[in-house]
Amino acid sequence: MLLNEGDPESLTQTQRNQALRAYSDRYGPGGWRNLSVPYIQVHRFASKELAGEINQIWQRGVENPDVREVLINLVEMGCIEACAEIIFDRALDAGASSAERVMALDALVALDDERLSEIANAIAKRGNLWPDRVAYGAVLRLFPKYMSVEQLCNTLRWLGLKEDSVRGFSRQLSRLIATSEFDLSALERLRDGLVTLVSEGLRWEKGRLHVVSDRSHFSEALAVICVRGFDNHQINGWLHASLLALRLHSRDHRNDESIKSLQKRLSDLGAEDNAKLFWLDDALLRSLLEAKDPRNRYFAITIDGPVQLRPDRDLEWIIGALGDTTRDLGERELLLEAAIRLDPGRVTWKEHVEGLKPLVVDEPSFVERIDEWLKPSKHDKEHRRWEKKQADRKQQEERRKAKARARWIQFWREIATQPEEAFSSERAWNTAWNLWHAMSPVGDDSRSSGWNRRFIEEFFDKETADRLRRVLMTIWRDDRPTFPSERPKGERSTYYKRWQLGLAAIYAEAEDSNWANKINDVEARLAVRYAPIELNGLPQWMEALVDAHPSAVDKTFGNELSWELEQVPEDNGHFFLLQEIDYAPTKVARLFLPRLKSWLEANGDRVDDPSNAAEMAERVRQVTSVILKHGDEAAFAHLLETTRRRLKEELPSELLRVWLSTLMRTDPASGLAALEAQMAVVEPSERSEAVTWFAYLFGDRRDSISLSNEGFTPQLLLRLLRLAYRHVRIEDDAQHEGSYSPDTRDNAEHARDGIVSALLKAKGEEGWAAKFEMATDPLCKHFKDRIIAVAKENWAQEIDTDAFDEAQAMDLDRRYEAPPLTNSAMFAILNDRLDDIDDLILRDASPREAWAGISDEKIMRKEIARELEHAANSIYTVDQEATTAEEKETDIRLRSVASSHEAVIELKLGNGRTAKDLRDTIENQLVKKYMSPENRKSGVLLVTLAKDRRWDHPDDGHRINVEELLSLLNEESERVQDSLGGNIAIGVHFLDLRPRLPLESDQKSKAVKVKDRIEA
């Protein structure tokens, strides 16, 4: 019974105390090792007894941090004031982890502990007891209830400035300020404190053209405060703070809600307040910059700044201030720049600027500035000249399109009205060329083939499409494209455009599915010459050509492939034909596998020049990729033999990686052994050769090895995982802030994470055993709990996803469950049926009283076996006292009707058994005697109890009750499972036959006594 089960408010105090004791027993010393859920829901009914239990556990010493965290959560959620002292001590314990200390503070806040104000004061004074991470958490929990504004500002002043940590804290602080209650006085004090903080180290950063300070990260919090100030109808005193908040906020986060809200409020200011903001910003920038030029000053204020100038609101006060001859000349110079650039829209811009002259007649330099503005600009002349050229170019393009359209209409009319002439022998080629140009950009297929029958039929008719097809069938036969091997070295990547027309022509002919069988070998060899012209992959008709003329294709395309393989590697070793074969259908690719095999047998991958090692390695990778993708078993066997032979040679590191990668793909076990041998002599370090190996083999690369290959068994993955954690060590992991480009180290870490994920996904009993071994390995201790939790979750999913044949699927549809096919499924069925028996005991027609009177285990076994038979639903059969291979008799055995899997029940009557006898039964009898066969790995110790009693604890002799006995037996079952690697499933089930309700006379008697006490 757990505290978060059922409705606690409906429980009696006795039931509550039983639940609390069971909770304590279950998660006491030795029982926490499999805990994976760190949060427990507890309602506020916690009794003093629970406080005592927690204090006792804590006093005994709790080494597991998960245990401590759940205890702290328990105190917090249950508001257990009697445990406040140990929580307070933990919050102040410098030896505790930061997370644990912050959790302790959460619990103290839930208890409303009066000492929290003392903690806030101590943090503000920066004692050694409060490192940054703890202080961050404390501020977010103590402010503003327990921490004053002044204490907050003092704390923020000494907190560390590491960007990745403080940014997240600042964001949370901003949300806290936005949702907390403050009066106007507190808001003003908070504003002034943050203004002082963010002003420290205020400077202009030239590289970013931005105002920064030592504590710019608190600008968002300042923006939140300013928004609240404006919402309280406050303007004076808030403009400077708002200006700083917006100036200091990072450009990368300008879309933050607080920033957008503050910008909106400043944009809605009246003319007088906007003028104040304008001069405040100018004064701030002049204190940081030496910008004397009025143009630069104006742009610094209005471009990417908080001040917005609008003619309808600001031009009036700007012009009024400009005409004030008593103002500072520098200010009037800036105002003139603003006035010139603000176009009122009522008159032309020229009239507007000329109208400014009477305001500045007292200052000749201002008049000259206006006259310069009114002069025609050189840039304006160039712009007008550019606009004229653009207009002329557009007009010419329109004329060209019009002529092309007219030519197309004329061409269309000629074909439509005079098809015989258009497709005559003299004009057929030109007609086909023009039609190919027209249809090649249209449609998805035509982009690669250039043939689009639908286009021709839509614009003309079917007869025209047939005429064009017949002409095209002649065209491709009248030309002869060359292979790269037949062209000069500088022209190998080029081809004539008319060859594309020939490619389209073959597509047109290939409309006939039998076309390849109708051509001869000479025509087949000619058709192959058009294949490399296809842009993406080999032509679709290549498969039919290979079927009909394999020898012709091999003698042409195959010879070209052999020539390509013999070329000196250049440009990273990439070869066009090899890539095309890799992407081709398997039937096409297999035609060329003998040539790849011959190339490997002839040591074509030898490296004569070390400078070409990387390019040759890429060529070998492409060759092996084709074989692995398209080869049959014989090809795989030959490749494996070649791989093993190459790995015995002295190879450059680039080739060694490719061949080892190939071995990993063809024989994962041998590949892993070879990798372990390579890394045995490597000293682990941040960027060792082993790190490079992991990055290459399993990193974030398109051709990295897939760990989903069935050859990577759970045990192999476990070996690979250990190797990864030994060389790609956690403590050497790269720490990145912001954007970055992944390097070899990052790819190695990605590989290590991928191996972990693959092992966690491993299925079956072997997968479960490997995951359990992984959890107990010290290399994985930092995420042991997650491993166990994922393993359990995957195990549960496997039970629900057994694959059924048709008959089993029909059974599932008819009976709503299917016969178990695995030990795990067998164990689940067994527990379901025992739960059903529990339900039977609770019914009105319960056999509880009859069963409670049974003192002979054989009779009880028969009763339980009968109920299990009634509930079988045709998915299992029931045996009693079946004999094992060792001539040992089991009490009850369930056998699946669809597999050989069995589940065992060992029955004991708890009334006459000692605790030691029951505990020893689990290992000595249930496991060792009955569960040794591979198909019998699930069992349950079933204990019946017909009366209340207590037992002597088998270790120290103290008296224990039934809940404590159940906890003892569960711990023993978990211990036995762990010792056997987790590949068996053991359960303990209590069948409670004790009377459920007291007699009615007893109830009435108790009710009278309670009434007498209330009245008294």
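# A walk through a predicted model

Helix α46, which covers residues 857–870, has 14 residues and reaches 20 Å from its first C-alpha to its last, close to the 20 Å expected at 1.5 Å a residue. Within α46, the residues Met860, Arg861, Glu863, Ile864, Ala865 and Leu868 are buried. At its N-terminal end α46 is capped by Asp856, a side-chain oxygen of which lies 2.9 Å from the backbone nitrogen of Lys858. Between α46 and β3 (876–880) runs a loop that holds Ser874.

Stepping back to the whole protein, the secondary structure comes to 49 helices and 9 strands, and buried residues make up 47% of the 1016 residues. Among the contacts with a separation of 6 or more, 67% are accounted for by residues 24 or more positions apart.

Confidence is highest in helix α10 (residues 184–198), at a mean of 91, and lowest in helix α49 (residues 1000–1015), at 39. Another stretch, residues 442–447, has a pLDDT below 50, and beyond near neighbours in sequence it has 11 contacts in the model. Over residues 999–1016 the pLDDT stays under 50 as well, and for these residues the model has 1 contact beyond four places in sequence. Where pLDDT is low, the predicted coordinates should not be read in detail.

In soluble globular proteins, nonpolar side chains tend to be buried together. The largest nonpolar core here has 116 residues, and the members that touch the most others are Trp541, Leu545, Phe557, Leu675, Phe694, Phe698 and Met774. Apart from this core lies another, of 109 residues, among them Met103, Leu140, Leu142 and Leu262. Which residues does Phe698 touch, not counting those up to four places away in sequence? The list consists of Met664, Leu675, Ser704, Ile705, Leu707, Leu720, His750 and Ala751.

In helix α31 (residues 576–583), Leu577, Leu578, Glu580, Ile581 and Asp582 are buried, and the buried residues of α31 pack against α30 (550–566), α32 (586–589), α33 (593–601) and α34 (613–630). Helix α14 (residues 271–288) has 18 residues and reaches 26 Å between its first and last C-alpha, close to the 26 Å expected at 1.5 Å a residue. Its buried residues include Asp273, Asn274, Phe278, Trp279 and Leu285.

Glu220 sits in helix α11 (residues 219–231), and because its relative accessibility is 9%, under the 20% limit, Glu220 counts as buried. The side chains of Glu220 and Arg171 are joined by a polar contact of 2.8 Å, and, leaving aside residues up to four places away in sequence, Glu220 touches Arg171, Ser174, His249, Asp256 and Ser258. Met473 lies in helix α25 (residues 462–475) and is partly exposed, with a relative accessible area of 23%. Met473 and Ala508 are 35 residues apart in sequence and 7.4 Å apart in space, C-alpha to C-alpha.

The peptide bond from Phe143 to Pro144 is cis, with omega near 0°, and Pro144 is placed in the loop between α7 (132–142) and α8 (149–158). In the loop between α5 (98–110) and α6 (116–124) stands Asp112, which has a positive phi of about 55° although it is not a glycine.

The walk ends with two paired strands. Strand β6 (residues 938–945) and β9 pair in the parallel sense over 8 bridges, with Leu941 standing opposite Val988 in β9. Of the 8 residues of strand β9 (residues 985–992), 7 are buried, so this strand is largely enclosed by the rest of the structure.

Terms used
Residues numbered from 1 in each chain as written. Predicted model: local features only at pLDDT ≥ 70, side-chain atom pairs only at ≥ 80, totals over all residues. Heavy atoms only, no water. Core = buried A, V, L, I, M, F, W, Y, C linked by side-chain atoms within 4.5 Å. Buried < 20%, exposed > 50% of the residue type's maximum accessible area, 1.4 Å probe, protein only. Contact = heavy atoms within 4.5 Å. pLDDT = per-residue confidence, 0-100. Helix = DSSP H or I, 4+ residues; strand = E, 2+ residues; numbered from the N terminus. Pairing = 2+ DSSP bridges. Expected span 1.5 Å × (residues − 1). Polar contact = N/O pair within 3.5 Å; in protein donor to acceptor, adjacent residues only side chain to side chain.
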